[in-house]
Amino acid sequence: MSESVSEEKIKGRVTLHDVARAAGVSKSTVSRVLDDRLPQSDSPKARHVRDIAAKLGYVRDLSAAALRRGTTGQIGVIVPRLTDTVMAMLYEALARAAARAGQFAIVATTDDNPEATRSAADALIRRGVDGLILTTARKGDAFTDELRDRGVRFALALRHNGASRAAIGDDDLGGYLATRHLIDLGHRRIGLITGPQYATSALGRQRGYQRAMIEAGYDVRPEWIAPSDFSMEAGEGAARELLERPNRPTAIFAVNDNTAIGALSAIAAHGLSVPGDISLVGYNDIPLVSRLPVALTSVRVPFDQIAEAALQLLFDDKPETPVRRISPTLIPRASSRPPTP
C-alpha cells in the first residue's frame, strides 16, 4: 500500500494492524514505537510510524493492552475527604504522577472512617485496580496487614504505620522548622494546636515542636498544647482554649493550615490581632493561606514529590528505601513577627 494516507476521516477504530499496513512495517514494530511506557526512539522509521498513526487518528487501546499484561492500568487512591484542600492537592498530584506512568487514578473518600476505608478498598480491588495508595493509615491499625495477607499491592502517602512502604513529608522536621522560626523571632510562650493522635503526620509535627522547645531550653507546658483534629472548627475551639488560659502564648503553631485558619477566627473574636498580639504559623501551605488578609506563615509540603515517590513504591517490588521522607520548607509571611514588648 502507498505510504500516502488519505486526510479524510477514517470510520471505525484504527488498529495497530491498520497503522502497520499503512506504514509498511510489522505490527510488532508499531506496537513498540507507540508504547509510551518504553523509551522513545527518534529514528526515521519511528518518526514515520508516529506520523502515520497521527494521520490515521490511532488511539492506543488501553483496556486491550491491560488485558494482555494482566493489568487494568488503574490505581485506587483512598483519601479521607476531597473537601480537605490538602487531600485534593495530593490526589491531583497522584493523578498526574499516575498518568506519567500510564495509569489512571480512581479516588474514593472515607471521611477518615476505618470501616469505610475497608469498604472503599474492597470496591476498588473488585474493579481490578493494579494497586492502592492510602492516605488514611492509622497508628496501630491492622488493615495494612490484611491487605498484605491478601496479596494486594499498596503504598501509603502522607501518613505511615511504621511497617509499610510509605511516601511522607518529614513531619518531625516541619514541626521543628515552624517552632524554631517562632523561637528565632523571640517568642518563648509558644502554643501548639495538635492534630488527631492516630495520624502519624500530626504526631511528627508535635514531636518537632517539642524538640525545638527543649533544644532552646524552654518548657513544654501542657497548658500551651490544645488538642484538635484537622478541621477549621476544631482549630477555632483549640485556639479559644489557649487564649483563655492564664499567661496565654504570644505565638501559636497549628499543625495544619485549616486549624490555623480556625485559630484566626478565634483570635479575632477575642479582640486580638495577628501578628500584632499573636504570631501564627500553619502547615501544608495550601494556596488560600498566602491570600488571606494577613498572609499566613506556613510549612510547605512538596505534594508532587510525595506523589511521585508513592507511585514508585507502589510498583517497585523490592524498594531500597521502603519509607521515603520528603523535606518540607518553611515559608515566612506576615502572620509571624517578634513579640510585642
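The structure holds 21 salt bridges, a salt bridge being a side-chain nitrogen of Lys or Arg within 4 Å of a carboxyl oxygen of Asp or Glu. This is a predicted model, in which local features need pLDDT of at least 70 and side-chain atom pairs count only at pLDDT 80 or more, while totals for chains, interfaces and linings use all residues. Residues are numbered from 1 along each chain as its sequence is written, and side-chain values use heavy atoms, with hydrogens and water left out.

- Arg 118 and Glu 146 form a salt bridge through their side chains, at 2.8 Å from N to O.
- Arg 118 belongs to helix 6 (residues 114–126) and Glu 146 to helix 7 (residues 143–149), so the pair ties together parts that are 28 residues apart in sequence. Helices here are DSSP runs of H or I with at least four residues, numbered from the N terminus.
- Arg 118 counts as buried, at 18% relative accessibility, whereas Glu 146 is partly exposed, at 33%. Buried means under 20% relative accessible area, exposed over 50%, and partly exposed in between, with a 1.4 Å probe and protein chains only.
- A network of salt bridges links Arg 118, Asp 141 and Glu 146.

- The side chains of Arg 205 and Asp 171 meet in a salt bridge of 2.9 Å, N to O.
- Asp 171 lies in helix 8 (residues 171–184) and Arg 205 in helix 9 (residues 200–215), so this pair ties together parts that are 34 residues apart in sequence.
- Both Arg 205 and Asp 171 are buried.

**Salt bridge of Arg 245**

- Arg 245 pairs with Glu 241 in a side-chain salt bridge of 2.9 Å, N to O.
- Arg 245 is partly exposed at 23% relative accessibility, and Glu 241 is partly exposed at 35%.

**Packing of helix 2 and helix 3**

- The axes of helix 2 (residues 27–34) and helix 3 (residues 44–56) come within 10 Å and cross at roughly 90°. Axes are lines fitted to C-alpha atoms over the stretch in contact, and angles run from 0 to 180 degrees between N-to-C directions.
- Helix 2 and helix 3 are therefore roughly perpendicular to each other, a term for angles of 65 to 115 degrees.
- Helix 2 contributes Thr 29, Val 30, Val 33 and Leu 34 to the contact, and helix 3 contributes Lys 45, Ala 46, Val 49, Arg 50 and Ala 53; contact means heavy atoms within 4.5 Å.
- These contact residues divide into six nonpolar, one polar and two charged. Ala, Val, Leu, Ile, Met, Phe, Trp, Tyr, Cys and Pro count as nonpolar, Asp, Glu, Lys and Arg as charged, and the others, Gly among them, as polar.

Notes. Helix = DSSP H or I, 4+ residues; strand = E, 2+ residues; numbered from the N terminus. Parallel < 35°, antiparallel > 145°, perpendicular 65-115°, else oblique.
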